[in-house]
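Me: I have a protein model open and would like to go through it step by step. Could you help me read it?
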Amino acid sequence: MSGASVRAVGWARSLPVSSGVRTAREWARGHLEDLGWTTSWPETADDVLLTVSELVTNAHVHAGSSAQLVMTWDQRCLHVSVHDSSPHLPTPRPPSAGRTGGRGLFLVDALADTWQAHPCPDGKMVTACFRPPEPDPPGADRSEA
């Protein structure tokens with residue numbers, strides 16, 4: 001090993017189906033506020049909160065399971081992970097005008113920098129990664145954009 005270390009902070013919360021998605025969003029918003037994301041990168045914070053809503057909804061509705069929500073910030077990426085008890089990995093379905101749902105993973109794919117799902121011995125974990133926006137280079141004029 002090179003001796004390099006990774007500094008990270010993280011939080012975890014178990015969300016029974018009865019807790020609802022709003023509880024997950026409010027919990028995540030509190031941690032995003034603590035990290036300064038809601039003031040420094042409000043659009044990215046909104047993307048994180050929508051992703052939390054979608055992933056927890058999938059765990060509650062499609063897996064019929066409680067959700068374990070874990071957020072980890074390693075100074076490069078905010079990892080948002082949701083574990084549920086279903087062994088079936090999510091698969092995005094093509095959008096359909098006839099269905100009112102089924103667009104959650106398309107939203108996650110559009111909002112997150114990356115996302116992936118992997119099986120676990122007792123279900124699956126879906127993780128989305130969010131990187132803060134790059135700062136403008138010195139002297140950049142944003143008014144021309």
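Me: Which hand does the crossing of H3 and H4 have?
Reply: The crossing of H3 and H4 is left-handed. Please note that this is a predicted model.

Me: At what angle do those two helices pack, and how far apart are their axes?
Reply: Helix H3 covers residues 42-61 and helix H4 covers residues 104-111. They pack at an angle of about 150°, and their axes are 9 Å apart. Angles over 145 degrees count as roughly antiparallel, so H3 is roughly antiparallel to H4.

Me: Which residues meet there?
Reply: From H3, the residues are Asp-47, Leu-50, Thr-51, Glu-54, Leu-55 and Asn-58. They meet Gly-104, Leu-105, Leu-107, Val-108 and Leu-111 in H4.

Me: And how many of the residues in that contact are nonpolar, polar or charged?
Reply: The contact of H3 with H4 contains 6 nonpolar, 3 polar and 2 charged residues.

Me: Let me pick out Thr-51. Is it buried or exposed?
Reply: Thr-51, which is found in helix H3, has a relative accessible area of 0% and is therefore buried.

Me: What does Thr-51 touch, apart from its neighbours in sequence?
Reply: Once neighbours within four places in sequence are left aside, Thr-51 is in contact with Val-108, Leu-111, Ala-128 and Phe-130. Two of these, Val-108 and Leu-111, are among the H4 residues that meet H3.

Me: New topic: how many disulfides are there?
Reply: A search of the whole structure finds 1 disulfide. Cys-77 and Cys-129 form it, with their sulfur atoms 1.6 Å apart.

Me: Which parts of the chain does the pair tie together?
Reply: Cys-77 lies in the loop between strand S2 (67-73) and strand S3 (78-84), while Cys-129 lies in strand S5 (residues 123-130). The pair therefore ties together parts that are 52 residues apart in sequence.

Me: Are those two cysteines buried or exposed?
Reply: Cys-77 counts as buried, at 5% relative accessibility. Cys-129 is also buried, with a relative accessible area of 8%. The cut-off for buried is under 20%, so Cys-120, with a relative accessible area of 24%, is partly exposed instead.

Me: Finally, what is the overall layout, and how much of the protein is buried?
Reply: The protein has 4 helices and 5 strands. From the N terminus on, these elements run β-α-α-α-β-β-α-β-β. Buried residues make up 33% of the 145 residues.

Me: And what share of the contacts is between residues 24 or more positions apart?
Reply: Among contacts with a separation of 6 or more, such residues account for 61%.

Key: Residues are numbered from 1 along each chain as its sequence is written. This is a predicted model: local features need pLDDT of at least 70, side-chain atom pairs count only at pLDDT 80 or more; totals for chains, interfaces and linings use all residues. Side-chain values use heavy atoms; hydrogens and water are left out. A disulfide is a pair of cysteine sulfur atoms within 2.5 Å. Buried means under 20% relative accessible area, exposed over 50%, partly exposed in between (1.4 Å probe, protein chains only). Axes are lines fitted to C-alpha atoms, for helices over the stretch in contact, and angles run from 0 to 180 degrees between N-to-C directions. Angles under 35 degrees count as roughly parallel, over 145 as roughly antiparallel, 65 to 115 as roughly perpendicular and the rest as oblique. A crossing is left-handed if the near helix is turned anticlockwise from the far one by less than a right angle, and right-handed if clockwise. Contact means heavy atoms within 4.5 Å. Ala, Val, Leu, Ile, Met, Phe, Trp, Tyr, Cys and Pro count as nonpolar, Asp, Glu, Lys and Arg as charged, and the others, Gly among them, as polar.
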